[in-house]
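Q: Please take a close look at one loop of this model, residue by residue. Then set it against the rest of the structure.

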Amino acid sequence: MILTFIEIRDGKIKKSSLEALSEAKRRADELGAAAAAVLVGPESAAVELQAHGASKVYLLENPQLDAYSAQGYAAALSEVVKATAPAAVFFAASAMGKDLAPRLAARLGVSMASDCTRIAVQNGALEFTRPIYAGKVLLTMGLKNRPALATLRPNVFPVAASAVDSEVVKIALNLPEGLVKGRVAEVLCETGGEIDVSEAEIIISGGRGLKAPESFTLLRELAVILPKAAVGASRAAVDSGWIGHGHQVGQTGKTVTPNLYLAFGVSGAIQHLAGMSSSKIIVAVNKDPEAPIFKVADYGIVGDLFQIIPALKDELRKIFAE
Amino acid sequence: MNIVVFVKRVPDTESKIRIQHQTNAIVEEGLNFVISPNDEYAVEEGLRLREAHGGKVTAVSVGGEEVLATLKKCLAMGADEAVLIKDDLKEAYDGLRLARIMAKAVQNRFADADLLLFGRMSVGADNAQIPAMAAELLGWPQATVVTKLVIEGRTAVAHREIEGAQENVAFALPAVVSAQKGLNEPRYETLKGIMAAKKKVIPVLTLAELGLTAEETAPQVQIRKMETPPPKAAGRILTGTPEETAKKLVELLRGEAKVI
C-alpha cells in the first residue's frame, strides 16, 4: 500500500496533496497494491480523496494535533505507519510536507527522497528522480529502507480522478502528554493572499531590466488579468530591494514548474535558469538579444518591456474579459 | 546561550555542474566551492544572538579536510570555535546519514547547546531534510525556513515561510532552527577576523570517536543514475512592433502552447 499524507489549508485539500495521491494511485496500480490517504482534518474531505483513488482514508484525531507541529504530526503518522505497514509514504513538497516528511523519516529511521519530479517502478520497488544542484542535474535513486518516504514537487504530477471502493477509518491516537514542544501559534497573511510562486500556474517574473521597484506594478497588473498567476523575481531584483525575497526564483530562491513562465528583463543567470527552466512554456522579453534567458525560451521577444507589457495587457484583456 | 551552527561546503551557484558517469558523482575539478548561501544566514543569526544574549557560537561541518576552509570562514565571521567531523564518504545525497552524525555530535560533544542553526537547504543535494531529522533524533522542537527569530528566556517565536503567508511558530529551547533568506544580512569577514581565524586550531572528530557504528552511517540511498536535463530545443523569436509581437505571442500561447 502507498500512503499519502493529505494537507488541509483553510478547510480545503491542497491541490499538491491531490497530485501526490494521484501519483500514489498510479504507482500502486503498477505494483498491484492499493493507495490510501491519511489526514488530520474534517471527515468531509474523505469524499474527494475517495474520488482520487484512496481505498482507505485514515482520519487522525487527537487534541495535540489541533495546531500543526512537525513533532506532533510525525509522532501521529509513525503510529499509522506502524499499524498499516505501507511500502511507501508520499507527501507534497509543500512548506508543510518539507517540514514534516524528514521528521517522520528520522522517527522511522529511514532515508527519503525530497522534491521528486518522477517516480517509477523498477524490479518491484519505487525509484525516484529528483533535481539536484537546483535542476542542473537529475538524480535517480532507490531507497534501501521501508517504507520509502518521498515528497513530490507541486505542479509536476497530474491530478487524476479514480473512483474506488473505499472506507473511512478514524484513528484516535494516544500521544504522550507534553510530546509537542513547539507548534504553529498563528498564520500571518502578510502577502495579502497572493498566490505563491511555488504553486502558481503562471509566473510573471521581473529582473534588473525593470529598472525600478515601481515597475513590479506592471507585472502585478498582468498577474491580475491572468488566472492563478503570481509575480516572481530574479536575485538581482530581490537583492536591490525591489520586491520581497519570497518572490525570488532560482537556486537560492524557489524552484518552480509553472505551465507558463514569463520573464521580463531577466538576463538568465545560471542560478536563475536552474530554478525555472523546467517550466512548461517559457517566454522571454529582453532588450539584449544575447541574454542567456533566450536559450531556454520557447518564445522570445527582443525589445523594450515597457512598450511590450502595455500591448500584452491589451491583448490579454480581450481574451479574459470574455 | 550556546549555539551550534552546522555548515556545508558546496559549489557556488554560478557553477556549471558536470557529471562523472562512471562513478555517478559530479566532477569537482574546476569548481569553486563556498559555504552554502543559506548557511551564511544561520551563522549570522548565531552571531547576533550571541551579541544579544551572550554565550558561544560553534561552527561544525561534516566532511574531509577541504571543509576546513569553510569552517575558517565561519571563524573569520566571528564564530568562537569550529569543529570538523571527519567523514571520508563522498556526497551520498542521504540526509538521514548526516543527521545521525550531527545528532550524535550534539549528544556527545555539545550536550549544553540551546540552539542548533542550519541553512534552510544546502545548495547542491537540495534535500532540506537534516534540520527536521536532527530535531527528531534529539527530541527537540523545530522551526524551518525561518525569516524572523525572537528568543526570550527559554522560549522562542519564529516566522516561517509557507505558501503565500507566514506561520508564527512558538517553541521551547533547546530547539532546531533553519534559516531562510530574509532572516538577516550576513556580515563580511573583517581582516582582523581573518587573522584571528588563522590562529585558531580546528579540532577534528572522527565518526568512531563520536561512537557511531558502521551500520548507523551506511547510506540507505542507492544512487542509480545522474544525468543533465535534456537541453531545450531552440525557441522562436517574434518580431514586429510591440503591438504585433504582443498579439502574436498571445495567439501562440493560446493556440499552439495552450497555456492560457
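A: Helices (H or I, at least four residues) and strands (E, at least two) are DSSP runs, numbered from the N terminus. The model is a predicted one: local features need pLDDT of at least 70 and side-chain atom pairs pLDDT 80 or more, while totals for chains, interfaces and linings use all residues. Residues count from 1 along each chain as its sequence is written, and chains are lettered from A and ligands numbered from 1 in written order.

Gly53(A) has 27 other C-beta atoms within 10 Å, so it is buried (20 or more other C-beta atoms within 10 Å of its own, placed from the backbone; exposed is 12 or fewer, partly exposed in between). Leaving aside residues up to four places away in sequence, Gly53(A) touches Leu21(A), Ser22(A), Lys25(A), Ala35(A), Ser162(A) and Val164(A) (contact: C-beta atoms, placed from the backbone, within 7 Å). Ala163(A) is 110 residues away from Gly53(A) in sequence, yet the C-alpha atoms of the two are 5.7 Å apart in space.

The domain assignment of chain A, in which the bounds are automatic or from a database, gives domain 1 (2–172) and domain 2 (202–320). Taken over C-alpha atoms, the centres of these two domains of chain A are separated by 32 Å. Their contact draws on 8 residues of domain 1 of chain A and 9 residues of domain 2 of chain A.

Two backbone features of chain A come next. Arg146(A) and Pro147(A) are joined by a cis peptide bond with an omega of about -5 degrees. Pro147(A) sits in the loop between strand E10 (137–143) and strand E11 (148–152) of chain A. Asp115(A), a residue other than glycine, has a positive phi near 60 degrees. Rather than a loop, strand E7 (residues 112–116) of chain A is the place of Asp115(A). Asp115(A) counts as buried because it has 22 C-beta neighbours inside 10 Å.

Strand E15 (residues 229–233) of chain A is largely enclosed by the rest of the structure, because 5 of its 5 residues are buried. In a regular strand, side chains alternate between the two faces of the sheet. E15(A) is covered on both faces: Ala229(A), Val231(A) and Ala233(A) are buried on one side, and Ala230(A) and Gly232(A) are buried on the other. Strand E14 (residues 202–206) of chain A runs parallel to E15(A) and is joined to it by 5 bridges (DSSP must find at least two bridges for strands to pair). One of the residues involved is Ile204(A), whose bridge partner in E15(A) is Val231(A).

Chain A also meets chain B. In that interface, 78 residues of chain A are in contact with 72 residues of chain B. On the chain A side, helix H4 (residues 95–108) of chain A supplies the largest share, 8 residues. Strand pairing crosses between the chains as well: strand E18 (residues 299–302) of chain A and strand E15 (residues 236–238) of chain B pair in the parallel sense over 3 bridges. Gly300(A) has Ile237(B) as its bridge partner in E15(B).

Chain B has its own cis peptide bond, between Leu173(B) and Pro174(B), with an omega of about 0 degrees. Pro174(B) is found in the loop between strand E11 (165–172) and strand E12 (175–179) of chain B. Chain B also has a non-glycine residue with positive phi, namely Asp126(B), at near 55 degrees. The loop between strand E8 (115–119) and helix H4 (130–138) of chain B holds Asp126(B). Asp126(B) has 22 C-beta neighbours inside 10 Å and so counts as buried.

H1(B) is mostly covered, with 12 of its 17 residues buried. Among the buried residues of H1(B) are Pro37(B), Asn38(B), Asp39(B), Glu40(B), Tyr41(B), Leu47(B) and Leu49(B).

Methods:
Two residues are in contact if their C-beta atoms, placed from the backbone, lie within 7 Å.
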